[in-house]
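Biologist: Please take a close look at one part of this model and describe its surroundings in a connected account.

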Amino acid sequence: MTINTLHKTPLETKNYHKPVMLKECLEGLNLKANGIYVDATFGGGGHSKAILENLDSTGKLFGFDQDADAKDNINQITSHSFTFIEANFRHMQKFLRLYGVDKVDGILADLGVSSHQFDTAERGFSTRFDANLDMRMNQSESITASKILNEYTEGELHKIFGMYGEIRNAKTLAAQVVQDRVRSRINTVEEFKNTLRKLAPRGAENKYFAQAFQALRIEVNQELEALQEFLEHTSEVIKPGGRLVVMSYHSLEDRLVKNFIQKGKFTGDEEKDFYGNLLKPFEAINKKPIEPSEEEQKLNPRSRSAKLRVAERLRK
Ligand SMILES: C[S@@+](CC[C@H](N)C(=O)[O-])C[C@H]1O[C@@H](n2cnc3c(N)ncnc32)[C@H](O)[C@@H]1O
């Protein structure tokens with residue numbers, strides 16, 4: 001089945017997204033009024049607006065987002081220091097060069113989906129509404145979640161559910177999807193949930209749904225590949241002494257960020273120079289990730305899983 005008569009949720013920018021750990025992110029960036037900064041995940045613009053309040057007319061902020069809906073929020077920004085770039089942050093360095101920028105003082109990335117994406121039924125990110133299984137952050141891309149479910153091989157589905165959803169019975173789930181899709185394509189949230197219900201542990205159905213949806217979302221948006229490319233570019237783009245501030249919402253992202261900051265490698269391996277010094281571009285400012293206060297978690301339950309890591313670019 002394909003759902004065509006979807007109710008379009010109005011874009012209410014004030015409810016677009018509540019910025020998480022705003023104060024901690026700003027402190028992490030160690031803002032200078034005349035500095036050049038990047039907000040790699042503009043979303044509702046909450047972090048960007050706060051950064052701009054700390055810049056003078058010589059400072060600059062470049063905001064990236066790959067979702068065309070995010071662009072509608074730039075009309076709330078009046079500062080001439082701001083430039084919006086509708087692009088995937090994996091291409092950050094190339095776009096900055098187009099704007100004549102070689103080095104910046106700090107980069108913020110608040111990873112994952114916005115509340116707007118999650119709460120807009122027809123985007124297909126949420127298990128709460130029935131809709132087509134889309135899940136694309138950039139709606140001009142061609143791979144949707146339903147395409148993956150209906151066209152990937154059983155082996156590929158097994159890998160995605162296991163690696164990105166950390167689902168224990170990933171192999172059985174992949175086989176079930178392949179069996180069910182023969183009868184009719186799995187195009188909607190409800191249709192996929194019907195397949196998931198057959199294998200979900202009793203009493204933990206919602207967690208199982210969430211894991212499977214996370215797996216598809218990561219694959220649709222190539223989230224881990226984009227994050228790795230982006231992180232590699234940050235070491236070339238951030239000035240010595242400049243800051244990298246990354247907030248992640250699941251362990252797969254946080255592991256990459258942690259390994260990159262602490263070891264300079266995504267796998268956690270180490271590379272040392274002739275003298276035994278670790279070869280890495282950043283030094284962690286906090287050994288442990290910063291988490292939202294209890295008060296923030298109460299006010300904004302979606303902040304609960306956030307982990308913030310702050311690092312400083314080492315001088316070569
Ligand atoms: C958690 S929200 C950011 C919210 C924002 N900090 C705010 O205060 O409103 C994440 C945003 O990043 C965007 N995004 C995620 N991955 C991206 C990528 N690889 N390139 C560009 N934008 C991305 C999403 O479209 C979404 O709007």
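Modeller: G242 lies in strand β5, which spans residues 238-248; strands here are DSSP runs of E with at least two residues, helices are runs of H or I with at least four, and both are numbered from the N terminus. The model is predicted, so that local features need pLDDT of at least 70 and side-chain atom pairs count only at pLDDT 80 or more, while totals for chains, interfaces and linings use all residues. Residues are numbered from 1 along each chain as its sequence is written, and side-chain values use heavy atoms, with hydrogens and water left out.

G242 counts as buried because its relative accessibility is 5%, where buried means under 20% relative accessible area, exposed over 50% and partly exposed in between, with a 1.4 Å probe and protein chains only. Leaving aside residues up to four places away in sequence, G242 touches D105, A311, E312 and R313, a contact being heavy atoms within 4.5 Å. N73, by comparison, is 169 residues from G242 in sequence and 27 Å from it in space, C-alpha to C-alpha.

Helix α10 covers residues 205-220, 16 residues in total, and reaches 23 Å from its first C-alpha to its last, close to the expected 22 Å; the expected span is 1.5 Å times one less than the number of residues. Among the buried residues of α10 are Y208, F209, A212 and F213. The cover over the buried residues of α10 includes α11 (223-237) and α12 (251-263). After α10 comes Q222, with a positive phi near 50°.
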